[in-house]
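Q: Please take a close look at one part, the contact between the two chains. Then describe the chain on the other side.

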Amino acid sequence: MWKGIPLFPDSASTYSDAVDYFYLALVGISIFFTLLIAALVVLFAIRFRAREGSAGATQIHGSHVLELFWTAVPLVIVMALFVWSTKIWFTITRPPAHAEQYYVTGKQWMWKIQHPTGQREINTLHVPVNVPIQLRMISEDVIHSFFIPAFRVKRDVLPGRYSTMWFEATKAGTYHLFCAEYCGTKHSQMIGSVIVMEQEDYQRWLSGAAAGETPQVQGEKLFAAMRCDTCHTGQPGARGPKLQGLWGQKVDLSDGSTVVFNEDYVRESILIPTAKTVAGFQQLMPTYAGQLGEDQILSLIAYLKSLSDPAQGGAKP
Amino acid sequence: MSSTVQTHAPHAHSPHEHSGVAHAAEPKTNYLTANYGWKSWVFSVDHKRIALMYLFTIAFMILVGGVFALLVRLELATPAGDLLQSENYNKIFTMHGVVMVFFFLIPGVPAVLGNFLLPIMIGAKDLAFPKINLLSYYVFLVGILLTLTAAAMGGVDTGWTFYTPYSSTYANSQVALAAVAVFITGFSSILTGLNFVVTVHKMRAPGMTWFRLPLFVWANYATGLIILLSTPVVAITIVLVALERLFHIGVFDPAYGGDPVLFQHMFWFYSHPAVYIMILPAMGVISELIAAFSKKRVFGYPVVAFSSLAIAVIGFFVWGHHMFVSGQSTYAGVVFSVITMLVAVPSAIKVFNWVSTMYKGDVLLSTPMCYAIAFLGLFTVGGLTGIFLGTMGLDIHMHDTYFVVAHFHYVMVGGMVTAFWGGLHFWWPKMFGRMYPEAIGRVAAALMFIGFNMTFFPQFILGYMGMPRRYHFYPEEWQVLNLVSTLGATLLGISYLLPMIYLPWSLKFGKVAGKNPWGAKGLEWEADSPPTTFNFDKTPIVTEEAYAYPEGARHQPEAKVV
């Protein structure tokens, strides 16, 4: 009867087994304590039941030894569980270096995805097996949450701020993709599939899909089209700071503080240029809020990143 | 406990001495018969009458929230959204949450049982501020009327959590009205909490020291403190949402320069302690039931009392465990997780002490005790599954799935609601002077236990497989488990309807109860059933600790119905 009725999810990422072992250990502990409590309750309810000729209650007020015992035992168990789960937590929240960057934009009620090689998809994410992949995600409206149960990972997708998650798939197949944060009328239809493919199948799929331009080429074109290059010329004495070789570096600000030149800072500077002005420059930049969508800002970020990547012809930091 | 009014003969073990017949001989008015007419009720400042007004109001809200629950489960019997449109489905689960949380789970035990019993248990005539008590009821009623108005005018579809910026900017429904309703209802809680705290400090009868207080009083005292400290925060939060929604003042929506995660911090700073507002009074009820039906002092009384306070204090520092994947810092998550682990300990201590109370007792499995035992099982599962969600590595996967739904129903419905029914049966003879029918009471309790597990256990499995909560459509392979859950919910619904039928029936046809039908200790069992308006003819003088059952204490033969 239970054939075909799933009771346990697929396990298809590098850390999903670690999560499952932890889960099963907790299930074991829970069954033990639930049965212990149930057995004691049933035993006492029968053994000490009120009946004709029973001796009546023996007044026992308590026991310091017992109280200490059942304070210490749960404390030790939960602390051990805390340490174990925190190790898993850091595995899942810390991406490996050089994970491939994919971009995700959530909006009511769809997922827009762009591959590093430029392919765009909606509600479907094709990924190669055995490659660490990082998703950089942002929402155009309300809070969503990108959830792939088979990988045991989810992360809220916020408006106005990037969030990231990473995974490395271990098994080819098609898996559920859900929005896990309630986002309005069609929340339960903001779903899709994650299709994990063998490397060669993925390459074949990439060449078959309408490749379009890579995010950094799009970004480069936007950079010119929005006239960013009139100020950010890269020459000494320009009205805007030079952007080459800057990625990941600390930038001195006019108020004396510093900021890391990264995705969040770039996005903020495009939308609210007045927020943080680079030391030695006047605040001249206009805001691009309302003129650039989240997808376009992500393309600009990809382009600015490439300016600091020697492998892509960018300047060394 | 207390042997009280010294002129009374000791009678704890002889309920027949106070049979109804004896009372019929010398007719005496009680709080129900003291005066008549609708004005004597709507303007009453008697804590017992106010408790009854709360009881009937809350019973109505249980039915309303129950109908919404039924619609949700009916819809989920099939994977396609074929019964309701998504818009309406979202409004229905929102209303289910709002009604049950704000109009049943939070006020259920304190406003009904606490209001009725707290003054009697400490030997007082009434709460410290009777008029504020009446005010709290009317504030509550206004909150209900506004909520029902919001429902009638098109409903709310934000979920009971009102997350921004969906609620503040995007939702196209009666969010502002519902927010005002919740805001107003919060003041009802605050007034009740204030009343309880002051009453416990100032109104205890002579000799009623802190460590002679029944644990139900301790639990309500701890709850009062949490209400006073946390409820104002949710009130402020709601005002900010309303300001953003009405005047576009940027607080939570990044489009206006706000921070959407800020709302979650403020919301859970109230709503996590609110979970303890719901469960602590229920734990107090369980202490009373297990002591009375084991004929024993609660094992480790001071430990149980202080564990309530420990839960109240630690409960303020765990709110971030609702936000592990929401974008708060990785290290903030670590801190919230370890504090969450700590709060598991006092809960575990309570369970072990309750079980130990039964050891070498004289255990009578009457209906209230059946509910108490059901509580022990369901609360244990609810508490243990809380550890799953408090451990971050696992919560990344579990967050916002049906595992969470199952967990909080085990704690809230399996815990608080079970204790509410147990307490209501236990004190029913005190409140109305009549016994409920025992046999059908036990059947209802057993049916509840079966129906409950059938409804919510499959949801743990669905949750681990990844079924997100608040889903109208779901993948077909999960239908069987959902169907089991829906069938279980039907049984559960029936088990909750039964007492709503036989309890009112007993008001006319039930056996007359007498002062102390259970032979239990506690000042409330030395007052008349139903009590007189001022509870005691003479202020009791307390000379014993709570639960002062003698060695060899036994249930009277009349109490043993089976």
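A: The contact (C-beta atoms, placed from the backbone, within 7 Å) takes 80 residues from chain B and 73 residues from chain A. The model is predicted: local features need pLDDT of at least 70, side-chain atom pairs count only at pLDDT 80 or more, and totals for chains, interfaces and linings use all residues. Residues are numbered from 1 along each chain as its sequence is written, while chains are lettered from A and ligands numbered from 1 in the order in which they are written.

On the chain B side, elements giving two or more residues include α4 (86-105), α10 (260-294), α13 (367-390) and α16 (438-465) of chain B. The largest share, 14 residues, belongs to α12(B). By type, this side of chain B holds 46 nonpolar, 22 polar and 12 charged residues.

Now chain A. It has six helices and 12 strands (DSSP runs: H or I of at least four residues, E of at least two). Its radius of gyration, over C-alpha atoms, is 27 Å, well over the 20 Å that the globule rule gives for 317 residues, so chain A is more spread out than a compact globule. That rule is 2.2 Å times the number of residues to the power 0.38. The C-alpha trace of chain A spans about 100 × 55 × 40 Å along its principal axes.

Five strands of chain A form an open sheet with mixed pairing, in the order β3-β2-β1-β5-β8. Pairing needs at least two DSSP bridges. β3 (120-122) and β8 (163-167) of chain A are the edges, each pairing on one side only. Strand β5 (residues 133-139) of chain A runs antiparallel to β8(A), joined by five bridges. Gln134(A) has Trp166(A) in β8(A) as its bridge partner.

Methods: Contact = placed C-beta atoms within 7 Å. Nonpolar A, V, L, I, M, F, W, Y, C, P; charged D, E, K, R; others polar.
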